[in-house]
Amino acid sequence: MIQARCVLKVHVDFTNPPKEKFLIIVGVSNDGTTLAGVLINSRINPNINYSPELISLHIKLLQTQNTFLSYDSYADCSKLHYFKYDELNDKIQEDNSILRGSISASEFELMKQALQNGDIKGKIIKKYNLF
């Protein structure tokens, strides 16, 4: 079952170039049909995240606490990405290796705080229970 804090490795086509990325599920919609997630990046891109506010929306994830990572990385909480629950669940049923683990409760709390402090609108925070 996919739930908040789950980490998946999925192919995304909204990056340039499209590629496999780690995705942290941060919430499931109230009706259970949609998932909201943030991507994990190996570093903070200074060309995109040029202000202290944007940099503060990146939560450091330590490899020692997240064995699915090869090195320390960052959860990019500056933007939510949305996925259909059934589509991701079907992919996991086909290939269970997509599901890589979960992040700690303390890391998740830091991510929720960053999402609440960012540009995510209140109705999205409520819809995905990010409070």
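**Pockets and cysteines in the predicted model**

The second largest pocket has a volume of about 180 Å³; a pocket is an open set of points on a 1 Å grid over the protein atoms alone, where a 1.4 Å probe fits, with protein on both sides within 12 Å along at least five of seven lines. Volume here is the space filled by probe spheres set on the points, which are joined across faces, edges and corners. The structure is a predicted model, in which local features need pLDDT of at least 70 and side-chain atom pairs count only at pLDDT 80 or more, while totals for chains, interfaces and linings use all residues. Residues are numbered from 1 along each chain as its sequence is written, and side-chain values use heavy atoms, with hydrogens and water left out.

Lining residues (an atom within 4 Å of a point) of this second largest pocket include Val10, Phe14, Tyr82 and Leu88. Strand E1 (6-12), E5 and helix H2 (85-94) each give two or more residues to this lining; strands (E, at least two residues) and helices (H or I, at least four) are DSSP runs numbered from the N terminus.

Turning to the largest pocket, its volume is about 710 Å³. Its lining comprises 26 residues, of which Lys19, Lys21, Leu39, Ile40 and Asn41 are the closest to the centre. E5 gives the most to this lining, with five residues.

What of the cysteines? The whole structure holds zero disulfides, a disulfide being a pair of cysteine sulfur atoms within 2.5 Å. The sulfur of cysteine 6 lies 16 Å from its closest counterpart, in cysteine 77, so the two are too far apart for a bond.
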